[in-house]
Amino acid sequence: MSQHLTALYDTRVAEGLLRPDPAQREVIHLLEQVRERLEAPERTGFLARFRKAEPMGKQGLYLWGGVGRGKSMLMDLFFQHAHVSGKRRVHFHAFMQEVQSALHEARKTGVDDAIKPVAEAIAKDLKLLCFDEMQITDIADAMIVGRLFERLFEAGVVVVTTSNRHPKDLYKDGLNRQLFLPFIALLEERLEVHELSAETDYRQDRLAGEKVWFSPADASAKSSIDLIWRDLTGGREEELVLEVKGREVVIPRFWAGQARASFDALCGKALGPADYLALVGAAKVLVLEDIPVMSPAKANEAKRFVTLIDALYEGYVRLVASAAAEPEELYVEGAGSFEFERTASRLREMQSADWGAA
Ligand SMILES: Nc1ncnc2c1ncn2[C@@H]1O[C@H](COP(=O)(O)OP(=O)(O)OP(=O)(O)O)[C@@H](O)[C@H]1O
Ligand SMILES: [Mg+2]
């Protein structure tokens, strides 16, 4: 028999990997119930007494709450130990992109209702779908999620999702929101909606007091950054591609709201404000490596860097960076170097221990 999630959580606490948190333990209990439903759906009658926990009546869990409370960590612990064939953990944004392109393909074949075959293809052989960071900002997504999820639920897929918002606040102030309301009702009907009300922002906690600006960007900077990255992500990562106005913004390394990319990848290419805003929408921490000292010939890179830092600053994204020099020395002459002073000052402010604290 597999180990209780509570026992696994307590082991991590005992090993000093996690701090004990009663609010997280409550979630572990709910996840145990989801796992029970998943792993033993056929056990009824007198055998039910051997159950580890009561299986959940609902078809999964919608876990929401403030940043850094441990939602993704808890979901990943659950996912890792959910012994079912056909499980998938995916960033919500990446999932919706996949759905949109599948819909696009399906419509080409002239089907009446493209959502049906797309949902069927997703649900095929799938018992568990875990989404990290459910949020809906795009009207195209808002208009299809209701019917899509209805199909997924009908196919019996168990859904666990994390989000920073209560279902009622999804797609808030969005265009044609009345057409989106059935999706909210569906989530509330099918999923256990639970707020993780832990008091600590553990991500902030892990970064507070840490050095977050490394210069020069040498081997020792890289190994310090590697350590921070490991600590934040638990050693897992994947590529995340954000689609912005038909363009692709590739974040080479991403996990649970933490993004890692080089200066070159983000400022060496013709990206603009919309791209950086998309990044801010997906990341709560950006690890930006190898910021160079920029000469007047690099005015375009410097300008993009200013736009990027403004977006991060306004979105309260934590920055961990390696750079050839201190902020004030990065771009001292050339077009826009006067405005760069504000960027340098923001970079200073963003290094302070409590910056970005929720
Ligand atoms: N009880 C804990 N003790 C120590 N560290 C923790 C604890 N819970 C979570 N963490 C760590 O804090 C960081 C943030 O956790 P996590 O990513 O799960 O937060 P989240 O609630 O998903 O945040 P967000 O809403 O921003 O996605 C991770 O590195 C995680 O391992
Ligand atoms: Mg998360």
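Domain bounds here come from an automatic or database domain assignment. This is a predicted model, in which local features need pLDDT of at least 70 and side-chain atom pairs count only at pLDDT 80 or more, while totals for chains, interfaces and linings use all residues. Residues are numbered from 1 along each chain as its sequence is written, chains are lettered from A and ligands numbered from 1 in the order in which they are written, and side-chain values use heavy atoms, with hydrogens and water left out.

**View 1. Ligand 1 between the two domains.** Because domain 1 (5–195) and domain 2 (202–350) both give residues to the shell around ligand 1, the ligand lies between them. The shell holds 20 residues, and the closest are Arg19, Gly68, Lys71, Met73 and Asn164; a residue is near a molecule or strand if one of its heavy atoms lies within 4 Å of it. By class, the shell divides into six nonpolar, six polar and eight charged residues (Ala, Val, Leu, Ile, Met, Phe, Trp, Tyr, Cys and Pro count as nonpolar, Asp, Glu, Lys and Arg as charged, and the others, Gly among them, as polar). At least two shell residues come from each of α3 (71–80), α9 (202–207) and α10 (219–233). Helices (H or I, at least four residues) and strands (E, at least two) are DSSP runs, numbered from the N terminus.

**View 2. Polar contacts of ligand 1.** A polar contact is a pair of N or O atoms within 3.5 Å; within protein, one must be able to donate a hydrogen and the other to accept it, and residues adjacent in sequence count only if both atoms are side-chain atoms. A polar backbone atom of Gly68 is 2.7 Å from an oxygen atom of ligand 1. Glu133 places a polar side-chain atom 3.4 Å from an oxygen atom of the ligand, and Arg206 places one 2.9 Å from a nitrogen atom. Ligand 1 taken alone exposes 640 Å², of which the protein buries 95% (accessible areas come from the Shrake-Rupley method with a 1.4 Å probe; for residues, only the protein chains shown count as cover).

**View 3. The five-stranded sheet.** This open sheet has the order β2-β3-β4-β1-β5, with parallel pairing; two strands pair if DSSP finds at least two bridges between them. β2 (87–91) and β5 (192–195) stand at the edges with a single partner strand each, so one side of each has no neighbour in the sheet. Five bridges join β2 to the parallel strand β3 (residues 128–132), and Lys87 has Leu128 as its bridge partner in β3.

View 4. β6 pairs with β11 (residues 318–323) in the parallel sense over two bridges, with Ala321 of β11 as the bridge partner of Trp213. The peptide bond from Ser215 to Pro216 is cis, with omega near 0 degrees, and Pro216 lies in the loop between β6 and α10.
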